[in-house]
Amino acid sequence: MNYRLLWVDDEIDLLKAHILFLQKKGYDVTTVTNGFDALDKCAEVDFDLVLLDENMPGISGLETLNRIKAIHPSMPVVMVTKSEEENIMDQAIGAQIADYLIKPVNPTQILLTLKKNIHHKEIVTEVAQTAYQQDFGKIGLQINDSLTLDEWIETYKKLTYWELQLSETDSGMVEMLRMQREEAETEFAKFIRKNYMRWMENPDDRPVMSPDIFKKKVFPYLNKGEKVFLLVIDNFRYDQWRVLYNEIADLFTIEESLYCSILPTATQYARNSIFSGLMPNIIARMFPELWVDEDSEEGKNLNEAPLIKTQFDRYRRHNTFTYHKINDSSAAEKLVQQLPNLWKYDLNVVVLNFIDMLSHARTESRMVRELASNEAAYRSITLSWFRHSALADLFRALAASDYRVLLTTDHGSINAGNAIKVIGDRNTNTNLRYKVGKNLTYNPKEVFEIKNPAQAGLPSPNLSSAYIFATGKDFFAYPNNYNHYVQYYKDTFQHGGISMEEMLIPLVTMQGKKRG
């Protein structure tokens, strides 16, 4: 394809060598000598890029620029000028020029700006595709050789990196990456099957997990006299954190890590475990009034502030703390307004439920499912929410404060696409990624089963209760009305089971840069 350029300069005859150079490179170059002719041409032709002289008789380059943008807002315009005056640069940049070149220009400069503004996506695609091809074999070896959780975290981070890179391109490597991720999920499930019960039996020898967050991450800062702001974004995946990172990197120094959620990777279990510092069965035994059983209609996360208090009491801590749950934008705005009253507390804990609400809405609403049709769209909505919510204001305020900011979550989610059959009685829970009950029928080869819940730190609703967990992209479906059930829940974001997305989750430490 020949790209169409418009070059506007009142001394166009002096640029014949440059124009010939571009034509030999395959560009179709149209030339005019003034702004009025440029506007006429732009009204007739949708150029791929305009090279525009700033100083011309008649209407100026800046005025021509503004009028071109009124005709074609997205058309890239490169300003070419002899002037190095800062105010002219500011005006051009404010009018959304694509680039700014100082005369005399040379062919290499022109070619570079064309590559940046016309060929950027295809160049990025080609480079990313080649780099992933070179990395493909190394990642395959990592998948097969990952024997520790830290090694799995590095593998997951590398796969997520390439997903983020390739999702911004037209690369055919996306399908290869999808297959490699599925292979990784299979091997990760084997790793969890092999190690999870050992971690539960030897808590001093396990990686950082949900009940360890306060003891290992929050309390050490409080012990040093620092104040901590703990943000828990419900259902927050690592890839979502990576897009959020780009929005706040200029505000904070950031130390990124990942930790492992307990099973089930669901709020009732994982978040209550974070706040209490205990495994779920211990919570149920020590604080039965704060534990809500699976079959209860009561909300499963109504006792989080009291659970934090039990952990402070158990460790004989006298730090002051507040707890806030944010379910909508008005609550977020109120929190930001309350910040001056919160600075006196040693610890402020904030739970943000937007992403979990989005996940559920995507399942229940056809329109939301269309808006968040895949992982890339899911990330995009997360980013849009952040940019236009009071959370952005909260981060700016925290960056200017003396608080150590910890950002984490209770679990992630996975786009579930493969149904497997399970049969349970009427008391079986409704979650699609894990089931707990006393009369479950399933294929044991398809699940991770825990027949003795106490050994896994889980409560038993009945003496014969067992837990089963879906792995990879599987989700549980009942044989009754099977096809309707599968069609409704296929390709929805679910949590509760075993996958890298659900279990390997962000735990980020930040401190404001406090610029002027």
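Student: Where does Pro264 sit in this one?
Tutor: Pro264 is in the loop between strand S7 (252-260) and helix H11 (267-276). Keep in mind that this is a predicted model.

Student: OK. And the peptide bond from Leu263 to Pro264, cis or trans?
Tutor: That bond is cis, and its omega is near -5°. Lys103 and Pro104 are also joined by a cis peptide bond, with omega about 0°.

Student: Where's Pro104, then?
Tutor: In a loop too: the one between strand S5 (99-102) and helix H5 (107-117).

Student: Let's do backbone angles. What's the phi of Asn481?
Tutor: Positive, about 55°, although Asn481 is not a glycine. Asn481 lies in the loop between strand S16 (474-477) and helix H19 (482-489).

Student: Buried or exposed, that Asn481?
Tutor: Exposed, because its relative accessibility is 55% and the cut-off for exposed is over 50%.

Student: Which strands pair with S9?
Tutor: Strand S6 (residues 228-233) pairs with S9 in the parallel sense, over 6 bridges. Strand S8 (residues 321-326) also runs parallel to S9 and is joined to it by 6 bridges.

Student: Which residues stand opposite each other there?
Tutor: Ile233 stands opposite Leu352 in S9, and Lys325 stands opposite Val351.

Student: How does the chain get from S8 to S9?
Tutor: Through helix H14 (residues 329-342), in a right-handed β-α-β crossover.

Student: What about Arg317, where is that?
Tutor: In the loop between helix H13 (304-314) and S8. Arg317 counts as buried, because its relative accessibility is 16% and the cut-off is under 20%.

Student: What does Arg317 touch?
Tutor: Leaving aside neighbours within four places in sequence, Arg317 is in contact with Phe219, Leu222, Asn223 and Phe312. The side chains of Arg317 and Asn319 also make a polar contact of 2.9 Å.

Student: Is Ser401 buried or exposed?
Tutor: Buried, at 7% relative accessibility. Ser401 is in the loop between helix H18 (390-399) and strand S10 (404-408).

Student: And which residues is Ser401 in contact with?
Tutor: Trp343 and Lys514, once neighbours within four places in sequence are set aside. A polar atom of the Ser401 side chain also lies 3.2 Å from the backbone nitrogen of Tyr403.

Student: Which helix gives the most to the lining?
Tutor: H8, with 6 residues. Elements that each supply at least two residues include helix H7 (149-166), helix H17 (375-387) and strand S11 (414-416).

Technical notes: Residues numbered from 1 in each chain as written. Predicted model: local features only at pLDDT ≥ 70, side-chain atom pairs only at ≥ 80, totals over all residues. Heavy atoms only, no water. Helix = DSSP H or I, 4+ residues; strand = E, 2+ residues; numbered from the N terminus. Buried < 20%, exposed > 50% of the residue type's maximum accessible area, 1.4 Å probe, protein only. Polar contact = N/O pair within 3.5 Å; in protein donor to acceptor, adjacent residues only side chain to side chain. Contact = heavy atoms within 4.5 Å. Pairing = 2+ DSSP bridges. Right-handed = clockwise from strand over helix to strand, strands pointing away.
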